[in-house]
Amino acid sequence: MRPVAVVVGPPGAGKTTIGAALAAALDVEFRDTDADIEAAAGKPITDIFTQDGEPAFRAAEAAAVATALAEHPGVLALGGGAVLAADTRALLAEHTVVFLNVGPSEGLRRTGLSTARPLLAGVNPRATFKGLLDARLPLYREVATVEVATDTASPEQIVADLVEALSPSAPPRGSE
């Protein structure tokens, strides 16, 4: 059993929104590893970060991703930092991975100053977000089978494009 598609991207890219809509369009179940982590820990991710630290969260995240990749047959959304783990990137090499790319201005507009996003909290969220994108962009692209810019397209258009890109008649990766 393997996911139909695994959705990755930075905060504000639309992983949950697009992932859920893509799952509905493909008539499969949607799963979000952030929700899995919160359910297993019995507390929100922000509490895991503040009470247990980022290393504890990243370990829980890597375990949740490995489990979900092995058992979920639908569309799977990963947390924005899941690609930081080399083991996770190696596992993703065996899957169809959709990278939802969002620029710094739009990503920050969508996330705002949300306290639910612990890595964006701080004195200069714009610089923090840009630094996060700069560090992660090569990793998202390393694992991506399909990359979609989400800054200006509607969720409906993105999903329609993804359904087409993921169809069995679509050209293989790298043949465009």
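A: What follows goes through the sheet strand by strand and then turns to the helices. The model is predicted, so local features need pLDDT of at least 70 and side-chain atom pairs count only at pLDDT 80 or more, while totals for chains, interfaces and linings use all residues. Residues are numbered from 1 along each chain as its sequence is written, and side-chain values use heavy atoms, leaving out hydrogens and water.

The sheet is open and has five strands in the order E2-E3-E1-E4-E5, paired in parallel. Strands (E, at least two residues) and helices (H or I, at least four) are DSSP runs numbered from the N terminus, and two strands pair if DSSP finds at least two bridges between them. Strands E2 (30-32) and E5 (146-149) are at the edges with a single partner strand each, so one side of each has no neighbour in the sheet. From one strand to the next the twist averages 20°; axes are lines fitted to C-alpha atoms, for helices over the stretch in contact, and angles between N-to-C directions run from 0 to 180 degrees.

Three bridges link E1 (residues 5-8) and E3 (residues 75-77) in the parallel sense, with Ala 5 opposite Val 75 in E3. Strand E4 (residues 97-101) runs parallel to E5 and is joined to E5 by four bridges; Asn 101 stands opposite Ala 149 in E5. Along E5, Val 146 and Val 148 point to one face and are buried (under 20% relative accessible area; exposed is over 50%, partly exposed in between, with a 1.4 Å probe and protein chains only).

Helix H4 (residues 54-71) lies across E1, E2 and E3, at about 165° to E2.

Definitions and conventions
Contact = heavy atoms within 4.5 Å.
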